[in-house]
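Reader: I would be grateful for a close look at one helix of this model and at the backbone features that deserve attention alongside it. Please set out the terms as you go.

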Amino acid sequence: MESMLKDRSLAPEGRLKIEFAGRTMPVLDAVRAEFEAAQPLKGMRIAGCLHVTTETANLVRALVAGGAEVSVAASNPLSTKDDVAAAIAEDFGAHVYAIRGCDRDTYYKQIEGALSINPTVIVDDGADLTTTLHKTRTDLLDDVVGGTEVTSTGVLRLRNMARDGALRYPMVALNDADTKHLFDNRYGTGQNTIDGILRATNRLLAGSVFVVVGYGWCGRGVAMRARGMGARVVVCEVDPLKVLEAVMEGYEVLPIAEAARIGDFFVTVTGNRDAITLEHLESMKSGAIVCNSGHFDLEIQVEPLRARAVSAREVRDNAVEYVLPSGRNVVLLAEGRLVGQAAAEAHPSAVMDMTFSTQALAIEHLVANEGTLEAGVHSVPRDIDDRVARHKLAALGVRHDDLSDEQRDYLSSWELGT
């Protein structure tokens, strides 16, 4: 199937952005050079459902260098950068199916496009590609060696599939790798969420009440960055252990029903639906800014808000003001989709350097172990995490200690005690 792009003539602008991002992705650049020499992916057909950004472009470049045929569909209708999509298609020979702002039907046509190469490897972000394969394209399943899943929402869906005996091939839970969630989720999501809010609103965070709904690694990152900007941060969370962590970090913790009445800014990062309901929205003070930084747009009850509002108007790019029957208004950013992807530039390339290097090496691991891994969800091998971390430290010029032989022996023994 022919690529689906907004405009191929945008490629030169996208090319510059890809090159600029690549300057802060030294680990992935090293992986690409290794792949180019060894060709570990030769003969593989890799279908990806990913945010089509400059960082993703550099991952595609590495996979193509490794010998793979690659197709890419957008994993979110608002995260695609049209110029980058054009450059990937023009420069790397990949098949690209990504148009920013597409409707739901077009979104799934793009996924069908990515699957048109009859993939042997799946690279997913949110599990839409995997679930489509298992629900409507079962004819393609026998050729799939395995795949990777990059986000927590997608890993949850995959584990539910495995629990129900539905998952037909091995998937590596990339999100669980330390080189992913400790950095990408915390520092990447933390920064791009704040960036998206500021671009969409130009509002001052200092002195505001900033409500973070969800305190996983992404929520930690958002809370940290909001506090750094001078906001009074309130955390809403259902997991008692995470609530304790938030308290020990010095955050105020409240139920969302109470936080809704006092917040100036609201960000959902739960990975679940209905984290902010219509009832919560109606109790907010007039002018509250509401957005989502979780993968899917179900965390905020957007459709009930639209149905309930007596009027709506776009007050800025990516900012729609909904007036409720009470006369109060709330401002929803980026249609309730990923605010850092839709209203800003997505994760910084320096942090995606680790995520996508881990991704590329996990794909190499899957291919090298074809036929030996059972269907189900697998962890990223620890040596890949260590390899990526060491490369990153070397690129940053950071020197560190290593264990001595005696220390290694001690850690692997049990005889020596008091």
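Author: Buried denotes under 20% relative accessible area, exposed over 50%, and partly exposed in between (1.4 Å probe, protein chains only). This is a predicted model, in which local features need pLDDT of at least 70, side-chain atom pairs count only at pLDDT 80 or more, and totals for chains, interfaces and linings use all residues. Residues are numbered from 1 along each chain as its sequence is written, and side-chain values use heavy atoms, with hydrogens and water left out.

Helices (H or I, at least four residues) and strands (E, at least two) are DSSP runs, numbered from the N terminus. Helix α7 comprises 12 residues, 152-163. From first C-alpha to last, α7 reaches 16 Å, close to the 16 Å expected at 1.5 Å a residue; that expected span is 1.5 Å times one less than the number of residues. Within α7, the buried residues are Thr153, Gly154, Val155, Leu158 and Met161. They pack against α6 (128-135), β5 (146-149), β6 (170-173) and β15 (376-378), where contact means heavy atoms within 4.5 Å. Gly165 follows α7 and has a positive phi, near 70°.

Most residues other than glycine have a negative phi. Asn118 is placed in the loop between α5 (104-115) and β4 (121-124), and is partly exposed, with a relative accessible area of 25%. Asp274 likewise has a positive phi, near 60°. The loop between β10 (265-268) and α12 (278-283) holds Asp274, which is partly exposed at a relative accessible area of 27%.
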